[in-house]
Amino acid sequence: MGIYLNSEAAYRLYKNEAEKPYFVDKTLLLEELFPLVKEGTNYVCITRPRRFGKTVMANMITAFFSKARDAADIFDTLKISRNEHCQSFRNQFGVIHISFNDISRQCTTYEQYIDRIERRLIRDLKKEYPEVELTQEDSAVDALLEIYEEDSSAHFIFVLDEWDFLFHQPFATEEEKKAYLMFLRSLLKDRPYVLLAYMTGILPIAKYSSGSELNMFTEFTMAGTQAFSEYFGFTQEEVNDLYQRYLKNCSIPQITPEGLKLWYNGYHTASRERVYNPRSVVMALRYNELASYWTSSGPYDEIYYYIESNVAEVRDDLALMVSGVPVPAKVREYAAASMSLRTKDEILSAMVVYGFLSYENGKVAIPNKELMDRFDEMLQKEASF
């Protein structure tokens, strides 16, 4: 068992998730991936705000495909088990699962960050392929190519979670961020050992710089692409089912369906289906209280700076949204990755990407009471608002 290659960690984490009282079965996402794995050399990137289930889905995909451990005890009772191809795909592949937000306390430079990832991956590869002569001086790409040269059946599914974590770290310079993009490109693009690269994050990748480094990925966003929409966030039907479980589990229910909708609904998929913030719904039902459970830092502080400075009169638009009036905006989802946000549309776009605003029919709005309370706190703290 390795740290990245064929690790059992994702199995344990997803098994624990599946046994929780408010678990929602999203395993039909795997059906969408079967043909991509069968074809080989496919690249998928899912970008969503924080707390919208990206990591749970990454663990699910790894637990299902990885040959590290038989996961029949998890998946045989879930929806994917009804797919006729389930058995032929389950636990049949080498899976390299990297969570890029896994950072050691001692890591204070980009060199330390990327070196730790490469060292861990090479160590796993040496354990899995002892017959191939590999050294710690090899790069991860060289090691994988040497393995493939020795064994042309050595194909891998890559599950890369929080790909954009580095872009929120103060130690990374602009040149190092570009070097990181080139690292991902070198590791994945046009490599014969790649069956599927499944990547998640908050920041869109397609327009991050020139777009050429990672242009092999097909990107699926909340606002822009319908595919995969139902697997991130809770639909109304799923929340209805969770609420019935809640009534059975809770001796003195304090929550109503209307309260859940007011507090946590309001996001929209590209297919215009409304979805709930999944983490907040589960926390509210678990603790029998409607409250603000969705939190974020870093990007929020940066956006606050632009609002405080009233860049392009975005503060005035925010006042309208706090009053319940949606505001027209040209949302460009790549704006959040810009080095600086210069226009009102860029700032509002960033707020959509990070989940602070929802976007529908050309207008942005504060999606629900949970976020409205967050903005209200900000307004009360800042006298000029």
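**Entry 1: Phe156 and the cores**

I looked up Phe156 to begin with, and I found that, not counting residues up to four places away in sequence, Phe156 touches Leu5, Gly94, Ile96, Leu125, Tyr129, Leu144, Tyr193, Val194, Leu195 and Leu196, where contact means heavy atoms within 4.5 Å. I note that this is a predicted model, in which local features need pLDDT of at least 70 and side-chain atom pairs count only at pLDDT 80 or more, while totals for chains, interfaces and linings use all residues. Residues are numbered from 1 along each chain as its sequence is written, and side-chain values use heavy atoms, with hydrogens and water left out.

I then asked which residues have the most contacts inside the largest nonpolar core. That core has 78 residues, and the ones with the most contacts inside it are Tyr113, Phe156, Phe158, Trp163, Tyr180, Leu188 and Phe217. Helix α6 (residues 110–128) gives the most to this core, with seven residues. Apart from it lies another core, of 36 residues, among them Met57, Ala63, Val95 and Phe220. I wrote down that a nonpolar core is a set of buried Ala, Val, Leu, Ile, Met, Phe, Trp, Tyr and Cys residues joined through side-chain atoms within 4.5 Å. Buried means under 20% relative accessible area, exposed over 50%, and partly exposed in between, with a 1.4 Å probe and protein chains only. Helices (H or I, at least four residues) and strands (E, at least two) are DSSP runs, numbered from the N terminus.

**Entry 2: strands**

I looked at strand β1 (residues 42–47) and found six of its six residues buried. Both faces of β1 are covered, with Asn42, Val44 and Ile46 buried on one side and Tyr43, Cys45 and Thr47 buried on the other. Two strands pair if DSSP finds at least two bridges between them, and I asked how many bridges join β1 to strand β4 (residues 194–201). There are six bridges, in the parallel sense, and Asn42 has Leu196 as its bridge partner in β4. Strand β5 (residues 218–221) also runs parallel to β1, joined to it by four bridges, and here Cys45 stands opposite Glu219.

β2 pairs in the parallel sense with strand β3 (residues 156–161) over six bridges, and the bridge partner of Val95 in β3 is Ile157.

I also found an open sheet of three strands, with the order β8-β10-β9 and antiparallel pairing. Its edge strands, β8 (327–328) and β9 (358–360), each pair on one side only. Three bridges hold the antiparallel pairing of β9 with strand β10 (residues 363–365), and among the partners I noted Glu360 with Lys363 in β10.

**Entry 3: charged side chains**

Side chains of opposite charge can pair when their charged atoms come close. A salt bridge is a side-chain nitrogen of Lys or Arg within 4 Å of a carboxyl oxygen of Asp or Glu, and a search of the whole structure finds 16 salt bridges.

I looked up Arg90 and Asp70, whose side chains meet in a salt bridge (3.2 Å, N to O). Arg90 lies in the loop between α5 (86–89) and β2 (94–99), and Asp70 in the loop between α3 (54–65) and α4 (72–75), so the pair ties together parts that are 20 residues apart in sequence. Arg90 counts as buried because its relative accessibility is 10%, whereas Asp70, at 48%, is partly exposed.

The side chains of Asp241 and Arg245 meet in another salt bridge (2.7 Å, N to O). These two residues both lie in helix α9 (residues 236–249), four residues apart, about one turn of the helix. I also saw that salt bridges with shared partners join Glu8, Arg12 and Arg69 into one network.

**Entry 4: Glu370**

The side chain of Glu370 does make a polar contact with the side chain of Ser280 (3.0 Å). A polar contact is a pair of N or O atoms within 3.5 Å; within protein, one must be able to donate a hydrogen and the other to accept it, and residues adjacent in sequence count only if both atoms are side-chain atoms.
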